[in-house]
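Here is a short walk through a few spots in one protein model. Have the sequence and the 3D view open, and look up each residue as you read.

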Amino acid sequence: MDERAFTRVAEEYAGRLYAVAYRLLRNRADAEDAVQRALMKAFAARASYSPRWAVSTWLYRVLSNVCIDELRRRRPCPEPAPSGVAHHTGEIDRVDLARALDAVPREARLLLALHYVNGLSYRELAKIRGISVNTVESQLARGKAILRKALEDKKG
């Protein structure tokens, strides 16, 4: 992949990569940094890219590794909502959702973000994370169950 082709790919996927990074890191600056680091790593490794892989799979894998490294480095803190501004997702407050997501294990949280934010299939998730489709299914089910319980506990 030459430099021009990489630039087009980076421009095409930057927004989607940012959405995943933000869902995982819950901080605008950290998400932007993660995308930038992931694109720099991908650019440096572009000679090793094989067209047999989907570009999206390759980029999401690089990004997910960068985000996991960042999450391991520090405990994530949700961005506080601006005072006086209510953010609601249905009946769930954005801060409540962020706290509930903290209860979900890192790998399941990553898979939830990739699946629900970017609409990736179980097969794509398995390729990105280097795990089986069955593992993807069980991690997503576990993550959703933990998230649901955490949100129900908040209501009750």
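Asp-33 sits in helix 2, residues 28-44; helices here are DSSP runs of H or I with at least four residues, numbered from the N terminus. Asp-33 counts as partly exposed because its relative accessibility is 40%, and that class lies between buried (under 20% relative accessible area) and exposed (over 50%), using a 1.4 Å probe and protein chains only. Its C-alpha atom is 9.2 Å from that of Ala-21, 12 residues away along the chain.

A quick word on the source: this is a predicted model, where local features need pLDDT of at least 70 and side-chain atom pairs count only at pLDDT 80 or more, while totals for chains, interfaces and linings use all residues. Residues are numbered from 1 along each chain as its sequence is written, and side-chain values use heavy atoms, leaving out hydrogens and water.

Now move to Arg-109, which belongs to helix 5 (residues 106-118). Arg-109 is buried but has no salt bridge, meaning a side-chain nitrogen of Lys or Arg within 4 Å of a carboxyl oxygen of Asp or Glu. Here is what its side chain has around it:

Last stop: helix 6, residues 122-129, whose buried residues are Leu-125, Ala-126, Ile-128 and Arg-129. These lie on the same side of helix 6 because they cover an arc of only 165 degrees around the axis, judged by the directions from the helix axis to the C-beta atoms. The face turned away from that buried side carries exposed Arg-123 and Lys-127. Just after helix 6, Gly-130 has a positive phi of about 70 degrees.

How values were computed:
Helix = DSSP H or I, 4+ residues; strand = E, 2+ residues; numbered from the N terminus. Lys, Arg positive; Asp, Glu negative; His and termini not counted.
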